[in-house]
Amino acid sequence: MLSLRPLRGNSDRIDRRKVLRLTGCSLVAFWTTGQAATSEIVGEVAFLQGEASTEAEGKRRALSVGGEIRLNEVVSTAGNSRLALRLGRRTNLRLGANTRLRIDRYIVDAGGDFELLDGVIMFDHTSGETPFNGTFRSLYGLIAVRGTRFYAGPSRGTFAVLVGSGRVELTAAGRTVIVGPQEGSDIARPGDPPSKPARWKHARVLEMLRSVK
């Protein structure tokens, strides 16, 4: 708590002005630092079909190709829309229609934490010197990523995870399964464990791919 005593002479006036100037500078520094933390740019829009937007702290922003994607924003797509995000040189993320996603933490091409609120996504990280370690949370479970390509979202009445390359760990209801290349796993409803990973038939794989392309 700042206490101001009565002014007694010019030296006191100078000291008080210094205090006020320093306090003002500290407040500005605190404010700008907080702003930078909440508006950190983590990627950009690489492709957009239809409409998409972001929302943070009650403010909505329409997206277009080349638009910035920032930390802690909820990225949303409209019906019949498709959105592709570039999150570094080797990391890409695609969103299908009626999808909502938030990036909680991100280290370029190295890792991050995401929350899938609704809809379907495709995550793709190509191999390189730095492996990608991240997580995707949803109402259904937790997906641990170790550098791979996978799809997650609704599929034939369930929440499903399909791996194209690499592998992911899918955890729900206290059970963890490892989903490998060309395999899928289902969670029937929130609170249920994931099914044993198995190869999907070609028709179902195509359905998942088309939902984000």
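Colleague: Is D118 buried, partly exposed or exposed?

Modeller: Keep in mind that this is a predicted model. The relative accessible area of D118 comes out at 38%. Buried would need under 20% and exposed over 50%, so D118 is partly exposed.

Colleague: Which residue does the side chain of D118 meet in a salt bridge?

Modeller: N to O, the pair sits at 3.1 Å. D118 belongs to strand β9 (residues 111-118) and its partner to strand β8 (residues 100-107), so the bridge ties together parts that are 18 residues apart in sequence. That partner is R100.

Colleague: How many residues apart in sequence are the parts tied together by E44 and R86?

Modeller: Their side chains meet in a salt bridge of 2.6 Å, N to O. E44 is partly exposed at 33% relative accessible area, and R86 is partly exposed at 35%. Since E44 lies in strand β1 (residues 41-49) and R86 in strand β6 (residues 82-86), the parts they tie together are apart in sequence by 42 residues.

Colleague: What about R61 and E73, whose side chains meet in a salt bridge: where does E73 lie?

Modeller: The two side chains meet at 2.8 Å, N to O. R61 counts as partly exposed at 22% relative accessibility, while E73 is buried at 6%. R61 lies in strand β3 (residues 59-62), so the pair ties together parts that are 12 residues apart in sequence, with E73 in the loop between β4 (68-70) and β5 (74-77).

Colleague: On to the nonpolar side: how many residues does the largest nonpolar core have?

Modeller: In soluble globular proteins, nonpolar side chains tend to be buried together. Here the residues with the most contacts inside the largest core are L93, F114, F136, I143 and F150. The size of that core is 34 residues.

How values were computed
Residues numbered from 1 in each chain as written. Predicted model: local features only at pLDDT ≥ 70, side-chain atom pairs only at ≥ 80, totals over all residues. Heavy atoms only, no water. Core = buried A, V, L, I, M, F, W, Y, C linked by side-chain atoms within 4.5 Å. Buried < 20%, exposed > 50% of the residue type's maximum accessible area, 1.4 Å probe, protein only. Salt bridge = Lys/Arg side-chain N within 4 Å of Asp/Glu carboxyl O. Helix = DSSP H or I, 4+ residues; strand = E, 2+ residues; numbered from the N terminus.
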